[in-house]
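This report describes selected features of one protein model. Look at the chain first, then read on.

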Amino acid sequence: MKCLYRNLLIIRDLHTCNTLSRQVAQNLKGKKHSSQLWIMRQCQDPYVEKAKQENYRCRSAYKLLEINEKFKILQPGHVVIDCGAAPGSWTQVAVKLTNASGKTDDNVGTVFGIDKQPIYPIEGATLLGGMDFMTVDSQKNLLKLLKSDKVNVVLSDMAPNASGIRDIDHENIIQLAYSAFKFALQVTQKDGTFLCKIWDGGKSQQLEKDLLKFYKNVKNVRPQATRDESTEKFMLARGFKGIKSTSNSTT
């Protein structure tokens, strides 16, 4: 019975994709080859369709959901900061899992999302759209909103515009990760969590070493929702020790 049900789902998904393919094919003429590849990849991606069905703003929601399913980093009542939040799928997940919208009888969490791009409102979240997290003023605004409260989880899905040159792109995303990391050191409560996206490269090991100075354990995580061709992975640092517990500093 389970096998039959699974087969029916596969048939449904294939039918959906074939329907979309016919619709998309009409609009491929005249577009650049890279644009055609992107459109067809979106059509064939099961997480894209699933996100539409479950009202997530993009497929990246399933990366965070999978990480949380395995490591339980988000709980009702948690205070969460989502860096690089647009279009808002990670923020949606954080709101749901922390009960920030108060829709259940669990403890009510608090979620902040920040991004250079505008972010359409999300019930239960405080959003800072049009603000570059990398600037001092933006981080000061976040600190004001926190009102001295400590944070349970700092998330960073930030990524630079890819240049196509692997070493440069790696360097740029590592800079973003360090910026979020250093901010997390200021605001995270003891035993808190930090999760950041990086693209694999030569500086990944140093970032992991620096995280281990302040967190009890660090794992490299690659969710199933990450595309096969991507070098993307996530560094999950748990068990924040607190600043006073070490005399070391980040690079």
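In which loop is Pro87 found? Pro87 sits in the loop between strand E1 (79–83) and H5. The model shown here is a predicted one.

**Backbone features**

Most peptide bonds are trans, and most residues other than glycine have a negative phi. The bond from Ala86 to Pro87 is cis, with omega near 0°. Positive phi values occur at Lys147, where phi is near 55°, and at Ser148, where it is about 70° although the residue is not a glycine. Lys147 belongs to the loop between helix H6 (136–146) and strand E4 (151–156), and Ser148 lies in the loop between H6 and E4 too.

Are Lys147 and Ser148 buried or exposed? A residue counts as exposed when its relative accessible area is over 50%. Lys147 is exposed, because its relative accessible area is 68%. Ser148 is exposed as well, because its relative accessibility is 72%.

| Residue | Relative accessible area | State |
|---|---|---|
| Lys147 | 68% | exposed |
| Ser148 | 72% | exposed |
| Ala184 | 0% | buried |

**Helix H5**

H5 is largely enclosed by the rest of the structure, because 8 of its 10 residues are buried. The buried residues of H5 include Trp90, Val93, Ala94 and Val95.

**Helices H7 and H8**

Two packed helices are described by the angle between their axes and the distance between the axes. For helix H7 (residues 166–187) and helix H8 (residues 204–212), the axes come within 11 Å and cross at roughly 10°. Angles under 35 degrees count as roughly parallel. H7 and H8 are therefore roughly parallel to each other. On the H7 side the contact is made by His170, Ile174, Ala177, Tyr178 and Phe181. On the H8 side it is made by Ser204, Gln206, Leu207, Asp210 and Leu211. Sorted by class, the contact of H7 with H8 has 6 nonpolar, 3 polar and 1 charged residues.

Helix H7 also holds Ala184. Ala184 is buried, because its relative accessible area is 0%. Which residues does Ala184 touch, not counting residues up to four places away in sequence? With those left out, Ala184 touches Val154, Phe194 and Tyr215. The C-alpha atoms of Ala184 and Asn152 are separated by 9.7 Å, and these two residues are 32 residues apart along the chain.

**The largest pocket**

What is the volume of the largest pocket? The largest pocket has a volume of about 1200 Å³. Its lining is made by 38 residues. Nearest the centre of the largest pocket lie Asp157, Ala159, Pro160, Lys197 and Trp199. Two or more lining residues each come from helix H2 (33–44), helix H5 (89–98), strand E2 (110–115) and strand E5 (188–199). H2 gives the largest share of the lining, 3 residues. By class, the lining of the largest pocket divides into 16 nonpolar, 9 polar and 13 charged residues.

Key: Residues numbered from 1 in each chain as written. Predicted model: local features only at pLDDT ≥ 70, side-chain atom pairs only at ≥ 80, totals over all residues. Heavy atoms only, no water. Axes fitted to C-alpha atoms, helices over the stretch in contact; angles between N-to-C directions. Helix = DSSP H or I, 4+ residues; strand = E, 2+ residues; numbered from the N terminus. Parallel < 35°, antiparallel > 145°, perpendicular 65-115°, else oblique. Contact = heavy atoms within 4.5 Å. Nonpolar A, V, L, I, M, F, W, Y, C, P; charged D, E, K, R; others polar. 1 Å grid on protein atoms, 1.4 Å probe; cavity = no way out; pocket = protein on both sides within 12 Å on 5 of 7 lines; lining within 4 Å. Points joined across faces, edges and corners; volume = space filled by probe spheres on them. Buried < 20%, exposed > 50% of the residue type's maximum accessible area, 1.4 Å probe, protein only.
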